[in-house]
Amino acid sequence: MSRQNIRYLQNDTPDEGGLQINVETPSGRLPIENARVAVSYTGEPESTIEEVKTNSSGQTEPLEYSMAPSEQQPYAEYTIQVTANGFIPVNVSGIQVLSGETSVQRVRLVPEESDINPVSNIVIPANTLFGNFPSKIPEDEIKPIE
């Protein structure tokens with residue numbers, strides 16, 4: 001390993017993770033082009049970090065976000081608001097972005113003139129590796145065979 005590579009590894013740089021949004025119709029078959037995606041931290045949904053649009057495939061370019069290491073939570077959480085002309089807007093909060101990984105969030109927008117009952121607010125719960133969940137129900141190590 002060269003001296004330059006060692007120096008690079010010693011720098012205190014925050015980890016980065018990626019976030020890509022796929023926007024599609026309720027059936028999941030048709031992408032929605034030019035949907036506007038506003039990204040913010042989950043704790044501060046009113047302050048937009050970045051706003052992007054989807055391409056002809058209904059996808060945003062992968063966005064890279066830096067994350068400061070934290071003992072409280074091993075991932076960063078983001079909230080997105082997705083809007084498109086002729087569709088009901090959708091908010092998704094609690095999107096988890098882990099270091100070195102690209103998180104992909106699918107969003108299905110319902111047309112304004114549709115019979116489908118839209119879901120406009122989606123909250124993703126804490127990661128099962130991190131959240132407070134009830135302990136596993138104890139089981140016998142040896143189970144009877146019938």
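Guide: Start with aromatic pairs. Rings of Phe, Tyr and Trp (its six-membered ring) pair if their centres lie within 6.5 Å; planes under 30 degrees apart count as stacked, over 60 as edge-to-face and the rest as tilted. One caution: this is a predicted model, so local features need pLDDT of at least 70 and side-chain atom pairs pLDDT 80 or more, while totals for chains, interfaces and linings use all residues. Residues are numbered from 1 along each chain as its sequence is written, and side-chain values use heavy atoms, without hydrogens and water.

Visitor: How many aromatic pairs does the rule give?

Guide: Two. Y41, Y65 and Y78 form one aromatic cluster.

Visitor: Which residues touch the most other members of the largest nonpolar core?

Guide: General idea first. In soluble globular proteins, nonpolar side chains tend to be buried together. A nonpolar core is a set of buried Ala, Val, Leu, Ile, Met, Phe, Trp, Tyr and Cys residues joined through side-chain atoms within 4.5 Å. Buried means under 20% relative accessible area, exposed over 50%, partly exposed in between (1.4 Å probe, protein chains only). Here the largest core has 22 residues, and L19, V39, I80, V82, V107 and L109 touch the most other members. At least two core residues come from each of β1 (15-24), β2 (36-41), β4 (63-67), β5 (75-83) and β6 (90-98). Strands (E, at least two residues) are DSSP runs, numbered from the N terminus.

Visitor: What does V82 touch?

Guide: Contact means heavy atoms within 4.5 Å. Setting aside residues up to four places away in sequence, V82 touches V23, A35, R36, V37, P89, V90, V107 and L109.

Visitor: Is Q96 buried or exposed?

Guide: Buried, at a relative accessible area of 17%. Q96 lies in strand β6. Its side chain reaches the backbone oxygen of P125 at 2.9 Å. Beyond four places in sequence, the contacts of Q96 include Y75, S103 and I124.

Visitor: How many salt bridges does the structure hold?

Guide: A salt bridge is a side-chain nitrogen of Lys or Arg within 4 Å of a carboxyl oxygen of Asp or Glu. The structure holds three. E24 pairs with R106, closest N and O atoms 2.6 Å apart. E24 is in strand β1 and R106 in strand β7 (residues 102-108), so this pair ties together parts 82 residues apart in sequence. R108 also bridges to E24, at 3.0 Å. That pair spans 84 residues, again from β7 to β1. K143 bridges to E139 at 2.7 Å.

Conventions: Helix = DSSP H or I, 4+ residues; strand = E, 2+ residues; numbered from the N terminus. Polar contact = N/O pair within 3.5 Å; in protein donor to acceptor, adjacent residues only side chain to side chain.
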